[in-house]
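Me: I'm new to reading protein structures and would like a close look at one part of this one. Could you walk me through it slowly?

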Amino acid sequence: MLLRHTPKEIRDRSALTTNPAKTCQPVGALYAALGVHRCLPHSHGSQGCCAYHRSMLTRHTKEPVMAATSSFTEGASVFGGMANLTQAIENIFALYDPDVVAVHTTCLSEVIGDDIPQIVKSATDAGKIPEGKTVIHANTPSFVGSHVTGFANMTKALVEYFAEPGTAPAGRINVIPGFVEPADMAELKRLAAEMGVEILLFPDTSGVLDAPMTGRHEFYPEGGVRVEDLRTVGGSRVTLALGAWASAPAAEALEKKAQVPFEVLDTPIGLLATDRFVDALRRVGKVEVTASVTRERGRLVDLLADMSQYFYGKKVALVGDPDPLIPLTEFCLTLDMKPVHVVTGTPGKRFEERVRGLLEEAGVEGNVAQASDMFHFHQLVKNEPVDLIIGNTYCKYIARDEGIPLVRHGFPVLDRVGHQFFPTVGYRGAMRFAEKILDAFLDRIDRETDEAAFELVL
Amino acid sequence: MASEAPRPEDTKRVLTEAYPSKAARKRAKQIVVNAPPDAEGFRPQILSNTRTTPGVITQRGCSYAGCKGVILGPVRDILTITHGPVGCGFYSWLTRRNQTRPPSEDAPNYMPYALMTDMQENDIVFGGEKKLRKAIREAYEIFRPKAIAIAATCPVGLIGDDIHAVARDMKEELGINIFAFSCEGYKGVSQSAGHHIANNGIFQHVVGTQDEPPEGRFRINLLGEYNIGGDAFEIERILERCGITLVSTFSGNASYDQFARAHMADLNAVMCHRSINYMAEMTEEKYGIPWIKVNFIGAEATAKALRKIAQYFGDPELIDGVERVIAEEMPAVRAVIDEIRPRTGGRTAMLFVGGSRAHHYQELFREIGMRTVAAGYEFGHRDDYEGRKVLPFIKVDADSRNIEELDVEPDPEQYRPRKTADELEALRAQGLDFGEYEGLMADMEVGSLVIDDITHHETERLIELYRPDVFCAGIKEKYVIQKHGIPMKQLHNYDYHGPYAGFRGAIRFYREIDRMVNTRIWRHVTPPWAEKPQPGVLRQAS
């Protein structure tokens with residue numbers, strides 16, 4: 001057994017986290033910053049943070065992940081990181097010529113108390129920031145929240161730095177996608193375009209972390225939201241924030257700064273959450289849902305109905321981030337599956353309320369936990385076994401030990417490809433997700449059914 | 001490789017010209033054109049183990065990564081608890097591919113677990129010692145380990161948590177060995193500081209605590225081998241065939257008890273000089289175990305390493321045994337070299353990784369006829385480049401001075417010289433160097449480039465100038481290189497492949513490089529219409 005020391009018996013733990021179901025803020029901030037065109041994320045702290053974040057995001061995306069660091073040593077930790085950041089700014093513009101440097105803090109610089117705006121102001125006054133270039137920042141202490149919080153904070157920083165009150169009104173809708181894959185961001189844009197709704201999606205890692213091979217490494221790939229577009233988000237009619245954790249704070253900040261009203265929706269994963277997103281686009285975009293989108297929906301429902309026998313009654317355990325987990329739980333319920341364990345490492349009581357609400361409505365009894373970890377998740381699975389696990393790559397240890405199929409979803413996925421290219425949001429994404437679940441079930445049937453009962457057609 | 005290789009001096013200019021002047025001056029000292037040794041045997045001096053200039057985009061990680069990840073990571077039965085916010089423990093969870101083989105199904109193996117205190121704002125403000133104590137108790141209740149290590153992350157040192165005091169108290173309370181590592185990420189200038197801190201801790205708290213001598217006549221420790229992709233398993237196989245007893249490896253496939261008995265070995269064979277030379281030096285001083293530098297990367301290097309070990313023990317039976325094993329293993333190696341050399345010969349490689357791999361792996365490339373045109377370490381020191389003879393001349397800067405140098409003296413009871421002074425002298429006369437390492441430059445061509453702590457900017461320029469056939473570095477560089485249409489081999493984690501050590505590992509590596517430089521997909525990077533644009537022309541039937 002890989003996880004041979006995980007006992008079935010659950011004891012209270014209040015100090016020890018084992019096998020976390022979250023990671024720290026800066027990696028989320030770094031990911032969000034990559035969703036701005038010609039932006040170089042910068043980690044203000046020890047260089048190990050940046051190395052870890054770049055490594056993890058690279059393993060997840062199989063793409064170059066560019067970011068710089070302030071490379072703190074003991075001296076910087078004692079005297080503050082001003083000299084390091086100032087020097088970094090100078091070197092970054094000389095070597096890599098970004099339009100934006102997006103600084104996020106780390107636990108180290110947060111504990112020291114470095115005042116980033118003050119340092120950036122000094123650098124500006126000293127002429128170290130070239131004309132037309134911007135250095136923005138987000139405070140992302142690792143000891144608060146999770147990687148999702150970091151994504152939210154950097155996205156909020158985009159609004160705080162770039163949104164201008166009094167921008168000429170435009171019919172456009174802002175969409176904040178949350179901590180989802182580049183393919184998901186592209187799919188959200190496609191869906192909106194299909195409906196004839198003009199949206200501005202930010203941040204947008206599509207075209208950045210799914211770059212083609214051309215025989216040349218483009219340090220700044222063609223994707224990412226443009227700074228000039230970010231400057232106009234204040235003129236948009238409405239903001240749709242997809243995900244209460246990752247996206248709502250930026251939408252709130254924009255309302256405050258430029259009076260753009262907002263609506264917080266679930267990440268559009270699965271049939272019903274996509275319905276709500278499409279309907280919101282229809283309402284705020286003042287359009288009719290096009291026949292093509294209705295057709296996409298119909299195809300999804302057709303598939304789910306035709307294959308419903310394989311989903312019905314199956315028990316599922318889900319672990320991941322709150323924003324995707326809520327609609328994923330809902331999608332499982334739509335499929336008549338039973339999400340009996342739903343666990344996130346990210347803190348937030350609202351998560352438990354939302355998921356419990358969904359389960360109660362469907363009459364499913366399940367365990368729901370926030371600020372928890374995968375060790376606990378595994379113990380729950382040991383106590384009530386399931387037919388399927390949905391979660392990130394770390395779940396494979398549990399899946400193998402317990403002999404349960406795993407459908408990978410979330411961050412990080414380190415051992416499979418596809419998540420960068422094929423969305424799980426929207427109707428098409430739901431089709432793919434349903435296909436993956438079906439494959440997991442049907443492969444198991446094909447592998448384990450005895451020869452006499454082996455079926456050609458399923 | 002481009003038809004005409006640029007002159008190295010020109011390359012150096014291209015690499016450094018974009019930097020602001022201060023950074024350019026520093027980088028110029030870290031980029032060296034290899035030259036023959038001078039009259040006293042010294043190679044050109046390279047600035048290394050120095051602070052990375054902020055903002056340049058470095059490969060380097062931190063002290064915590066070097067301590068918790070590199071040295072402690074491969075040990076299966078020391079339960080390591082990361083004291084800090086969630087990130088560091090998360091990122092170092094199973095990502096280094098250290099393999100391990102517990103002796104039985106129920107034997108302890110904590111490697112698939114990541115334990116941490118997940119410090120919250122309150123812990124930062126009011127101190128995290130209480131939470132750490134509680135976390136240790138909770139971990140003990142679940143795992144019942146024989147030893148617990150505590151690894152510090154950046155905020156711990158700043159807020160003043162005394163993790164060593166916690167370790168002492170908890171050791172007493174729980175009755176197991178508990179020790180702490182002050183490996184905060186800001187210590188030193190790279191992972192290297194963490195190696196040193198880990199060496200010190202293991203040496204002080206574990207080595208020498210069990211005196212049962214392992215069976216076997218020829219007992220060695222293997223130092224600086226981390227069992228990435230199963231390397232240690234292949235070396236263990238070869239040593240066993242030769243009749244050499246492995247007391248402990250630091251730290252691939254290692255266990256607590258092996259460390260505890262390491263002082264019972266009679267020779268330390270050092271693989272990765274950078275990460276573990278401290279342990280070699282300290283165990284020699286305290287217990288009297290001499291050390292030699294070996295390399296099990298490369299078939300010839302493996303044979304050489306085995307012969308050195310046999311020469312040390314000087315036993316005719318062992319010497320014959322080693323020769324027999326080499327004679328039996330080498331034909332398979334030669335057959336593969338003969339097969340693939342026509343496809344790999346004359347090709348070029350660049351290696352920028354680690355603190356020894358950029359040196360060791362040149363052996364494997366050489367064996368299949370490939371040239372290393374540029375190489376350098378991520379966290380090496382001058383002695384890793386220029387050889388240990390420069391040690392007396394290395395100026396210790398403030399960053400290195402902050403890493404504790406233990407004061408080690410011969411142990412009144414456990415010190416036992418393995419050889420007399422005369423015996424050592426005789427072995428030296430026969431060419432067996434003790435406590436010596438010649439460094440990377442000695443093995444590189446004159447005129448090749450040696451670059452310390454290479455930056456992203458320099459990497460891109462090198463690729464454009466040289467277009468090597470294969471580039472070796474780590475995961476962060478992997479897809480940058482490949483976007484250029486050049487295959488990239490990860491030498492930290494072997495791209496989830498390996499082992500590459502020993503004889504069988506060499507064969508696997510040759511085949512891997514053959515595959516990489518000849519993989520068909522690289523021929524299709526350019527679309528056909530970009531190569532022969534013929535608008536408006538119908539293709540003629542042939």
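This is a predicted model: local features need pLDDT of at least 70, side-chain atom pairs count only at pLDDT 80 or more; totals for chains, interfaces and linings use all residues.

How many bridges join strand 6 (residues 173-176) of chain A to strand 7 of chain A, and do they run parallel or antiparallel?

Reply: Strand 6 (residues 173-176) of chain A and strand 7 of chain A run parallel, and three bridges join them. To find the pair in the structure, look for A:Val175, which stands opposite A:Leu201 in strand 7 of chain A. As background, strands of a sheet pair through backbone hydrogen bonds, in either a parallel or an antiparallel way.

Four strands of chain A form an open sheet, and their order is 7-6-8-9. The pairing is parallel. At the edges are strand 7 (199-201) and strand 9 (262-265) of chain A, each of which pairs on one side only. From one strand to the next, the twist averages 20°.

Next, see what lies against this sheet. Helix 8 of chain A packs on it, touching strand 7 and strand 8 (238-242) of chain A. The direction of helix 8 of chain A makes about 175° with that of strand 7 of chain A.

Helix 8 (residues 182-194) of chain A also meets a helix, namely helix 11 (residues 271-285) of chain A: their axes come within 10 Å and cross at roughly 50°. An angle like that makes helix 8 of chain A and helix 11 of chain A oblique to each other, and the crossing is right-handed. On the side of helix 8 of chain A, the contact is made by A:Leu188, A:Leu191 and A:Ala192. Helix 11 of chain A brings A:Thr274, A:Phe277, A:Val278 and A:Leu281. Sorted by class, the residues of this contact are six nonpolar, one polar and no charged.

The axes of helix 1 (residues 25-33) of chain A and helix 7 (residues 147-162) of chain A come within 6 Å and cross at roughly 40°. These two helices are oblique to each other, and helix 1 of chain A passes helix 7 of chain A in a right-handed crossing. Among the residues that make the contact are A:Gly28 and A:Tyr31 of helix 1 of chain A, along with A:Gly150 and A:Phe151 of helix 7 of chain A. By class, this contact has seven nonpolar, seven polar and no charged residues.

Finally, here is how chain A meets its partner. An open sheet of five strands has the order 1(A)-3(B)-2(B)-4(B)-5(B), with mixed pairing. Strand 1 (17-18) of chain A and strand 5 (177-181) of chain B stand at the edges with a single partner strand each, so one side of each has no neighbour in the sheet. Within this sheet, strand 2 (residues 78-83) of chain B and strand 4 (residues 147-152) of chain B run parallel and are joined by six bridges. B:Ile81 has B:Ile150 in strand 4 of chain B as its bridge partner.

A:His5, A:Tyr52 and A:Phe143 supply 11% of the area that chain A buries against chain B, more than any other three residues.

Methods
Residues are numbered from 1 along each chain as its sequence is written. Chains are lettered from A and ligands numbered from 1 in the order in which they are written. Side-chain values use heavy atoms; hydrogens and water are left out. Axes are lines fitted to C-alpha atoms, for helices over the stretch in contact, and angles run from 0 to 180 degrees between N-to-C directions. Angles under 35 degrees count as roughly parallel, over 145 as roughly antiparallel, 65 to 115 as roughly perpendicular and the rest as oblique. A crossing is left-handed if the near helix is turned anticlockwise from the far one by less than a right angle, and right-handed if clockwise. Contact means heavy atoms within 4.5 Å. Ala, Val, Leu, Ile, Met, Phe, Trp, Tyr, Cys and Pro count as nonpolar, Asp, Glu, Lys and Arg as charged, and the others, Gly among them, as polar. Two strands pair if DSSP finds at least two bridges between them. Buried area is the accessible area (1.4 Å probe) that two parts lose on being put together, summed over both.
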